[in-house]
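Work through the exercises below with the sequence and the model open. Each task is followed by its solution.

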Amino acid sequence: MIGTPKKTFQILKKYNFKFKKSFGQNFLIDNNILNRIVDGAQIDENTMVIEIGPGIGSLTEALAKKAKKVISFEIDTRLLPILEETLIDYNNIKIINEDILKVDVDAFIKSELADCDKVMVVANLPYYITTPILTHLLENTTLIDGYVVMMQKEVANRLNAKVGTKDYNSLTILLNYYTDVEYLFTVPKKVFVPAPNVESAVVRILTKKKKEFNVNEEKFFKFVRSCFSQRRKTLMNNLITFIGKDKKELLMNICLEVNIDPTRRSETLTINEFNNLHKKLLDSNIIN
Ligand code: SAM
């Protein structure tokens, strides 16, 4: 087992491995947590797992014991010879040396999926790009059935934040549109090497089989993000920045037509209110 303190330090020493902060490298050294992550993903022998950032392979190993295959994307070339050694006993693991943010995951799954009936993303995410990774995957493909991922606790709280709270933002809306989110458990700093500065959490994110409404997703999320671009400002002021000062009166009227007080802050708008407002702005040719 790779994910014990003893084995991890042995490997790090053997390869004289120095952690790269810029790659968000905090390796898990607690088998109990590793097993709880794998259990949370409800993997079976027909599941294909996509892992982001295998590190020295501790979670990869735990996943390979349950899944049909595990495909791990790792950006750090220095880890490749290490993974070759630590995962030598498994023939259902493929390591791909690529930046996950540059991978067309949809095309990739289509080419690899043939013999699997479920696709799960399971990862101890590199924290510096938690939001870009989730956004990239959710917007790029609907072929992933779910995600069981570790992230900063603070970001986990945003994923299923209630409307009107300080944690509620455009990421909450994105997740709410595509998925159902469940907070699984909190993870203390001490189970990582090196220990991160913040507490972590594992969440389960299941892709909705049927969305509540259909939109042009690229346009809708661009609009939602622009409404949150300056949190302290009202919805109206964010809209003006996005659309133009000369449209102020028109924007006021449109907000009122869809029953939204323009002096509200964006964090008080439900996803349906954002949808109504966006639709109305499109129909009125104020945005396109
Ligand atoms: N899975 C290992 C574990 O739990 O011990 C390592 C997790 S560590 C938090 C994050 C991993 O993601 C590191 O191995 C890092 O090199 C890798 N990584 C960072 N940025 C990446 C990217 N853009 N694409 C793929 N892997 C990345």
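Predicted model: local features only at pLDDT ≥ 70, side-chain atom pairs only at ≥ 80, totals over all residues.

Residues are numbered from 1 along each chain as its sequence is written, and side-chain values use heavy atoms, with hydrogens and water left out.

**Exercise 1.** Classify the aromatic pair of tyrosine 178 and phenylalanine 221.

Solution. Rings of Phe, Tyr and Trp (its six-membered ring) pair if their centres lie within 6.5 Å; planes under 30 degrees apart count as stacked, over 60 as edge-to-face and the rest as tilted. Here the centres are 5.8 Å apart and the planes make 25°, so the pair is stacked. Tyrosine 178 belongs to helix α8 (residues 170-178) and phenylalanine 221 to helix α9 (residues 217-227), so the pair ties together parts 43 residues apart in sequence. Helices are DSSP runs (H or I, at least four residues), numbered from the N terminus. Tyrosine 178 is buried at 5% relative accessible area, and phenylalanine 221 is buried at 2%; buried means under 20% (1.4 Å probe, protein chains only).

**Exercise 2.** Classify the aromatic pair of phenylalanine 228 and phenylalanine 274.

Solution. The centre-to-centre distance is 5.7 Å and the angle between the planes is 40°, which makes the pair tilted. Phenylalanine 228 lies in the loop between α9 and α10 (235-243), and phenylalanine 274 in helix α12 (residues 271-283), 46 residues apart.

**Exercise 3.** Which ring does the charged end of arginine 36 sit over?

Solution. The ring is that of phenylalanine 185, with the charged end 3.9 Å from its centre. The rule asks for NZ of Lys or CZ of Arg within 6 Å of the ring centre and within 35 degrees of the ring normal.

Key
Helix = DSSP H or I, 4+ residues; strand = E, 2+ residues; numbered from the N terminus. Buried < 20%, exposed > 50% of the residue type's maximum accessible area, 1.4 Å probe, protein only.
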